[in-house]
Amino acid sequence: MLYNEKNNSILICNWGSNAKIQSYDLTNLSLKTLITTKLSNLDGLARDNCGNIYLSSWGSNSVYVFDSLFQKAPTKISKGHSGPADISINTKEQVLAIPNFNSNTLSFVNL
């Protein structure tokens with residue numbers, strides 16, 4: 001999950017095939033599906049300084065980036081992970097940290 005201050009909502013990624021990305025509005029307590037992806041077993045979410053959304057997928061052991069409105073197809077930015085988990089971005093240095101759950105390691109990607 002990822003909190004969106006601007007909209008007072010929580011962005012949620014889901015597990016399973018054709019995983020959904022949803023938004024839970026904390027003001028009116030409603031859940032909305034933003035997109036149904038072709039990805040599977042989504043685990044981590046992060047946002048960069050431009051508002052792009054990064055997602056980790058156990059299904060492909062990769063990390064993808066979506067535009068802030070999920071209007072374009074995602075771009076794979078990193079692959080070959082082992083259970084990429086709860087990703088995080090150091091927005092000052094523009095570095096994405098990717099925990100590899102199954103190998104107990106940490107990968108870094110310069111954005």
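Phenylalanine 101 counts as exposed, at 58% relative accessibility (exposed means over 50% relative accessible area, buried under 20%, partly exposed in between; 1.4 Å probe, protein chains only). The model is predicted: local features need pLDDT of at least 70, side-chain atom pairs count only at pLDDT 80 or more, and totals for chains, interfaces and linings use all residues. Residues are numbered from 1 along each chain as its sequence is written, and side-chain values use heavy atoms, with hydrogens and water left out.

The structure holds 3 aromatic pairs (rings of Phe, Tyr and Trp, the last by its six-membered ring, with centres within 6.5 Å; planes under 30 degrees apart are stacked, over 60 edge-to-face, the rest tilted). The rings of tryptophan 58 and phenylalanine 101 are tilted, with centres 5.6 Å apart and planes at 40 degrees. Tryptophan 58 lies in the loop between E6 and E7, phenylalanine 101 in the loop between E10 and E11, so the pair ties together parts 43 residues apart in sequence (strands, E, are DSSP runs of at least two residues, numbered from the N terminus). Tryptophan 58 is partly exposed, at 22% relative accessible area. Trp15, Trp58 and Phe101 form one aromatic cluster. Phenylalanine 66 and phenylalanine 70 also make a tilted pair, at 5.3 Å and 55 degrees. Both are buried.

Strands E9, E10 and E11 form an open antiparallel sheet in that order (strands pair if DSSP finds at least two bridges between them). The edge strands are E9 (88-90) and E11 (105-110). Strand E10 (residues 95-100) is joined to E11 by 6 bridges. Proline 99 stands opposite leucine 106 in E11.

Methods
Helix = DSSP H or I, 4+ residues; strand = E, 2+ residues; numbered from the N terminus.
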